Amino acid sequence: IDIDTNKPIAHVSKEMWGIFFEDINFAADGGLYAELVKNRSFEFPMPLMGWKQLKTGGKQASLLIVNHQKAGSSHARHAAIDLIEGPGSFVLSNEGFRGIGLEKDKQYRFSIAACSFSDSVKIRIEAEDPKNEIVGSAKIDKLTSDWQTYTVIFKCKETTAKARLNVIFEGKGKVEVDMISLFPRETWKNRENGLRADLAQKLADLHPGFMRFPGGCIVEGRELLNRYQWKKTIGPTDGRELLLNRWNVEFAKRSAPDYYQSFGLGFFEYFQFCEDIGASPLPILNCGMACQYNSAEVVSLDQLDPYIQDALDLIDFANGPQTSKWGALRAQLGHPKPFNLRLLGIGNEQWGEQYIERFKLFAAVLKSKYPEVKLISSAGPSPNGTMFDLLNKKLREEKAELIDEHYYRDPEWFLKNVNRYDTYERKDSKVFAGEYAVHIPDNMQKDTHAESHNTIWSALCEAAFMTGLERNADVVQMASYAPLLASIEAWQWRPDLIWFDNLHSVATPNYYVQQMFAVNKGDVVLSTLSKGKPLAGQDSIYATSSIDTVKGNIIVKLINTSLNARTVNLNLSGSNQLKDMITWIELSDKDKSAFNSLDNPQAVKPEMKTIKLGKRKTFELKGLSANVLVLPLS
Ligand code: AHR
């Protein structure tokens, strides 16, 4: 392999390898958002979904869900309980998101908004495991007659993935409650309305250059009425209007009738998380079109202004000074400094003439006011001939800055398309590979686990394809695998990058490939040839190399998709001198179908070693392996 360290062929953007976050597969509520209570404020269309009412000790009691909707208020309901008679108790018991995960010796923060005119009414809580053992408990202070939020911390005695939370009411009289919430005390950065620490850490460990949010199809909604509207997701959590998740039952392969968006994880939290992990924020906004897989609903062109205004206001919210309308709100929410928004997506996976018409109107207004914000436009679903090409052509005519291409394809497609961008039009529009993943055909993999489609083989085919993206970093400026997170018990789509249950999470081989590329990104791609041609599948080897001018490393990525080992010889030319000791990161498995699962999370994982470079620079690549060599410059 001839690598010319003096021959740059492309600049690699800071944002090259990023992450795509969507609330699919219970990725937000029940996943990254650390709230453990489902339907905490009775706003699900069936107000007691997730809750059970129990009575003990002959207690007589009644419960009503009171709707107190005032014009403009979004949280309409609370529970009114009348404890009529008897010594026992009335219990509201929450099932969590397919159980509540609690860990031994960890602390949990319970909170409840309540009011009561009766001195005799008392509230206490118990966390109960599936064997009916009480693993944690606490008492609430004396209640007052005006609404207040009460908070208690308790320590858990045993680990359980499937606890219930019992809110126990005793005494006599009336009590009203709302926003019944339970969080681990330890969240990501220990924020109160925080994120699940293990999942947030896994995302941070990917070192993503950007984070795309909030989707995905949920941006679009099944119909415009339930599209994602960022303004409804900020401010006090009890004012964020609940929404049906686009991935709820009817349209999902795997039914999830309890899938709603509480927006506890809203736009402020997304921006904050991006800042925490050093990722450029990339919000995607609805462009006036509902999900085209579900409905053909579009807003009429003369009614598009509010959608465009949402985009203008979002830029002001993220970047405006504290004196601007939305900048002031950001400051009030606790972030006086701007979030530095430089990328904005208009529409998710949209297509057709209707998209072009709407995109043009957005672009005209946004670019005249905020020329510094790059706009991303959609190229529709996976490349599928005429429609895709036509859309691409039209967007290029409009001088679209970045075009979002999605590909969910089989392994062969990825390997065949390694050269996809070698001959791409280089003028004007650039590419954002905004969603991609190798989909293993069902008959190629035994379905023993939900995670079983995230095989090493799928990861290697993605890695091979990614060498093609890196080689063409002048055209492909950003890329993200999708989807990102999936609950093992409630998923609608696979494969996914990270799987989780109520207690644990597991990184897939695909995750490790993303991490290997992002951590070892480099900023300038170098000419990497074999017999004068890019090394893109000859003898089952795929290669690319770059230089990290800041850290002073040459980085070589070598993917071997053959079952057999391959020996490669690096012929490095140019004026750069190398140190003797280099780092070799290797991800491999002999078995194409190997995958990581929650019960065997370390089956496939990268190994790192330091070796002497030697004069000949010869490397034996294992069969089925992805390799990153980091060669420090002297
Ligand atoms: O990633 C899953 C879905 O795939 C996304 O919501 C959508 O954009 C695409 O169709």
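## Helix 3 against helix 5

Helix 3 (residues 305–319) and helix 5 (residues 353–369) pack with their axes 10 Å apart and at an angle of about 30°, where axes are lines fitted to C-alpha atoms, for helices over the stretch in contact, and angles run from 0 to 180 degrees between N-to-C directions. Helices (H or I, at least four residues) and strands (E, at least two) are DSSP runs, numbered from the N terminus. Helix 3 is therefore roughly parallel to helix 5, a term for angles under 35 degrees.

The contact is formed by Ile308, Ala311 and Leu312 of helix 3 together with Leu361, Phe362, Val365, Leu366 and Lys369 of helix 5, two residues being in contact if their C-beta atoms, placed from the backbone, lie within 7 Å. These residues divide into seven nonpolar, no polar and one charged, with Ala, Val, Leu, Ile, Met, Phe, Trp, Tyr, Cys and Pro counted as nonpolar, Asp, Glu, Lys and Arg as charged, and the others, Gly among them, as polar.

## Basis of the model

This is a predicted model, in which local features need pLDDT of at least 70 and side-chain atom pairs count only at pLDDT 80 or more, while totals for chains, interfaces and linings use all residues. Residues are numbered from 1 along each chain as its sequence is written.

## The barrel

Eight strands form a closed barrel in the order 2-14-17-18-19-20-21-22, with parallel pairing, and the twist from one strand to the next averages 25°. Two strands pair if DSSP finds at least two bridges between them; strand 14 (residues 210–213) and strand 17 (residues 280–285) pair in the parallel sense over four bridges, and methionine 211 has proline 281 in strand 17 as its bridge partner.

Terms used
Parallel < 35°, antiparallel > 145°, perpendicular 65-115°, else oblique.
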